[in-house]
Each structure stands twice: as structure tokens, then as C-alpha cells.
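Student: Hi! Could you walk me through a structure, strand by strand?
Tutor: Happy to, here it comes.

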Amino acid sequence: MTEVTSDAAATRLRRSPLHERHTALGAKFAPFGGWEMPLEYAGGGVLKEHTAVRTGVGVFDVSHLGKARISGPGAADFVNACLSNDLRRIGPGQAQYTLCCDQATGGVVDDIIAYLHADDHVFLVPNAANTAEVVRRLRAAAPAGVLVTDEHEAYAVLAVQGPRSAELLGALGLPTGHDYMSFSTASLDGAELTVCRTGYTGELGYELVVPAEHAPAVWDALFAAGAGYELRACGLAARDTLRTEMGYPLHGQDLSLEITPLQGRSSWAVGWDKPAFWGRDALLAEKAAGPARTLRGLVAVDRAIPRPGMAVYAGDRQAGTITSGTFSPTLKQGIALALIDTDPKLADGETLEVDIRGRRAQMRLTRPPFVEPSVR
């Protein structure tokens with residue numbers, strides 16, 4: 001998370017349209033991606049919020065996520081020629097995980113969800129800190145007639161996640177029967193919103209894209225209906241433990257300009273057969289040679305909580321670095337994602353050591369997810 005070191009810097013942080021709702025719930029705030037967002041809430045904390053999503057239903061305000069609209073004749077073809085995944089694999093009403101890669105290096109500028117509305121309309125949800133850069137790159141490349149609009153603060157995003165999420169949304173009359181990574185438009189108390197069957201927790205879940213001015217009313221409606229489902233507000237700390245248990249990457253840690261899709265085990269989100277996308281030549285060359293390092297999972301053998309930046313050792317040799325690490329509330333163990341040097345001797349099941357503040361802690365190599373989701 002980005003640190004804020006002065007009151008002047010703090011005043012520059014953007015705030016969600018739900019900020020007052022979070023304050024009323026006793027939220028502890030933290031700066032993240034240029035936004036002041038709830039980290040956890042009073043009366044719950046990370047463990048209870050995490051458990052609510054694994055066993056019931058939780059709601060996250062993720063309005064800090066970016067929003068950009070690409071419109072005009074050939075908009076979908078333009079996006080497809082820029083971003084890594086192949087939009088031709090999906091149709092209108094479906095969403096796709098994709099990557100914006102650097103043309104020269106193949107490093108990941110950002111990971112993005114693309115909502116395909118029509119051939120002339122694509123809505124993108126990048127990460128908060130990277131939205132301006134993604135928009136800048138797309139605008140610079142856009143042909144005449146294709147408009148790239150930054151709508152970062154025009155919409156809020158609410159993630160309703162957990163085994164009972166469909167029940168809760170159904171109680172509000174919102175659509176829930178669509179397939180994974182597809183979306184529907186709906187209306188709630190006069191607010192037009194998009195309901196997408198997506199999430200970042202590994203559980204059954206939906207993300208609601210709501211015009212910012214209607215976000216408080218939608219939040220209130222969720223909590224009014226959620227009393228019967230033990231709905232809990234969840235912050236970014238629980239979002240991090242949930243996504244790490246699933247092995248989902250966080251841009252800036254597990255993916256970055258210095259970490260390619262091949263290294264970050266995200267090559268499944270690359271349309272290798274496409275004739276064009278940013279970084280294609282660099283990534284094809286890396287694919288042919290084989291990446292020098294790859295993202296792997298680690299589970300603590302003894303009592304240890306790994307953190308980003310900690311060194312990973314195979315004997316006396318440093319074999320990698322932790323990119324994401326936390327305590328798993330489900331496993332009651334430390335878990336981590338780490339960039340590990342490519343070495344056939346370092347197979348899943350091998351025990352490595354992590355330097356945790358001068359102490360060597362044993363961790364076992366494994367393949368994420370660390371936890372099986374309760375609902376698929």
C-alpha cells in the first residue's frame with residue numbers, strides 16, 4: 001500500500017462515494033492506490049470479515065478500481081489489438097480478464113477486466129493506481145473515431161462475495177443466474193447498474209458497477225436486505241487474505257512492469273495466436289526461451305508469517321523473493337506467493353527457507369490455490 005507521509009498528501013487522496021457509510025461503521029482507513037479506503041471495520045476485524053466471505057456473504061467497497069470506456073466504430077477490435085487476451089473468445093454481455101503489457105518488454109502495466117458490450121463499446125476496470133497510465137497508452141494508440149474516456153470517479157463498484165451472495169442479490173430482485181464472467185444490466189431503486197458474475201475471493205460472487213451518486217442507496221439496500229443473511233462489511237485487509245489464499249496476483253507485487261505474464265503464471269490470459277497485442281514479440285521470445293523465474297506458492301512448515309520482499313533460499317543460495325505473504329485465516333498457517341528461479345530441482349513439495357527478520361523459516365513449495373473455495 002502507498003504510504004502517506006503528510007497531512008497535505010492525505011488531502012490529495014480520493015474518497016469513495018461511500019466514505020460516510022464506512023465512517024459510520026467504524027472503519028479503519030488506509031491509503032491505497034491514491035484512495036482512502038476501508039482496511040477493516042470495528043466489531044469484526046480481518047478474521048471475521050474473511051470468514052464471512054468463506055461461509056456466508058460479505059460486501060466490499062472497491063470503488064477505487066478504475067473505470068474507462070472505449071467507444072466508437074471498431075472499439076472492440078482496437079482493444080483486442082492492444083490488450084493481451086483475445087476478445088474474440090467472448091461475446092457481448094461477457095467479461096474477460098486481460099493484461100495491458102509494455103510493448104518493448106512484455107512487462108505488465110496492469111491487469112484489467114474488460115466488459116464487452118458491443119463491437120463499438122468496451123468498458124474496462126483497471127487497478128486504481130494504474131488507470132491514468134492505461135488510459136494514456138490507449139489514447140495514444142487510438143485511431144480516429146475511437147474515444148477513450150476516463151470515468152474513474154463516475155462509478156462505484158461493490159463486490160458482494162460468498163456462498164450466500166446470490167440469495168442476497170435475489171432478495172433485491174437483481175439478476176444472479178448468469179454464467180461466470182458474464183454481466184447483466186438491472187435497476188435498483190431507480191439506479192441503473194451492471195451486475196457481473198466476478199470477484200477476487202474465489203467464492204461465488206458478483207460485482208455491481210453503480211453510478212457514483214446512487215452508490216449510498218445501493219449500499220443501504222444491500223444492508224437492509226442483508227440482515228437475514230448475516231451480511232458483513234469487509235475491508236481491503238480481508239480482500240488481501242482471501243485473494244492470497246486463492247493465489248490471485250496483485251499488481252505491483254505479483255505482476256508489474258518488471259514481471260511478465262509468463263513469470264507471473266498469467267500466460268493463460270494471453271491470446272498467443274492473435275496477430276497483434278502490446279508486448280507480443282517480447283513475450284513470444286520469452287516463451288520460446290522459457291522464463292527465468294515463475295510465481296510459485298509457499299506454505300509455512302513451522303510458525304512463520306512471510307511478507308513481501310523476504311528472501312527465499314534453497315540451501316545457501318537465494319532462489320527467489322516473496323511477492324505476497326500473509327497468515328491464512330482458513331489454514332491457520334503462513335502462505336506466500338514468490339518469484340522462484342526456474343530450476344527443475346525445485347519441484348512442488350520441496351522445502352525452502354524464508355529469511356524472516358534474520359530467522360530461517362521452512363516453507364514448502366506448492367501450487368495455488370492454497371484453499372479450495374466452498375462454492376464454484
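Tutor: Below we talk about strands, a surface patch and cysteines.

Student: What kind of model is this, and which pLDDT cut-offs apply?
Tutor: This is a predicted model, where local features need pLDDT of at least 70 and side-chain atom pairs count only at pLDDT 80 or more, while totals for chains, interfaces and linings use all residues. Residues are numbered from 1 along each chain as its sequence is written, and side-chain values use heavy atoms, with hydrogens and water left out.

Student: Thanks! Is strand β10 enclosed or open?
Tutor: Six of the seven residues of β10 (residues 155–161) are buried, so this strand is largely enclosed by the rest of the structure. Buried means under 20% relative accessible area, exposed is over 50%, and partly exposed lies in between, with a 1.4 Å probe and protein chains only. Strands (E, at least two residues) are DSSP runs, numbered from the N terminus.

Student: Which strands does β10 pair with?
Tutor: Strand β4 (residues 58–61) pairs with β10 in the antiparallel sense over four bridges, and strand β13 (residues 205–211) pairs with β10, also antiparallel, over seven bridges. Two strands pair if DSSP finds at least two bridges between them.

Student: Where does Leu158 come in?
Tutor: Leu158 of β10 is the bridge partner of Asp61, and Leu158 also stands opposite Leu208 in β13.

Student: Now β18, buried or exposed?
Tutor: Seven of the nine residues of β18 (residues 333–341) are buried, so β18 is largely enclosed by the rest of the structure. It runs antiparallel to β15, joined by seven bridges, and Arg296 stands opposite Ala338 in β18. Strand β17 (residues 317–328) is joined to β18 by eight bridges, again antiparallel.

Student: What happens in the hairpin of β17 and β18?
Tutor: Four residues lie between the strands, and Lys332 takes a positive phi near 60 degrees. Ser328 has Gln333 in β18 as its bridge partner.

Student: Switching topic: which residues make the nonpolar surface patch?
Tutor: Leu47, Ile305 and Phe327 make a patch of about 240 Å². Accessible areas come from the Shrake-Rupley method with a 1.4 Å probe, and for residues only the protein chains shown count as cover. Patches are made of residues with over 30% relative accessible area and no salt bridge; like charges are joined within 9 Å, nonpolar side chains (Val, Leu, Ile, Met, Phe, Trp, Tyr) within 5 Å. A salt bridge is a side-chain nitrogen of Lys or Arg within 4 Å of a carboxyl oxygen of Asp or Glu.

Student: Where is Ile305 found?
Tutor: Ile305 is in the loop between β15 (293–300) and β16 (311–314). Its relative accessible area is 34%, so Ile305 is partly exposed.

Student: Are Cys82 and Cys101 buried or exposed?
Tutor: Cys82 is buried, with a relative accessible area of 4%, and Cys101 is buried at 0%.

Student: Last one: what is the strand order in the open sheet of five strands?
Tutor: The order is β6-β7-β8-β5-β9, with antiparallel pairing. β6 (94–101) and β9 (147–150) stand at the edges, each with a single partner strand, so one side of each is left without a neighbour in the sheet. In β9, Thr149 is the bridge partner of Arg69.
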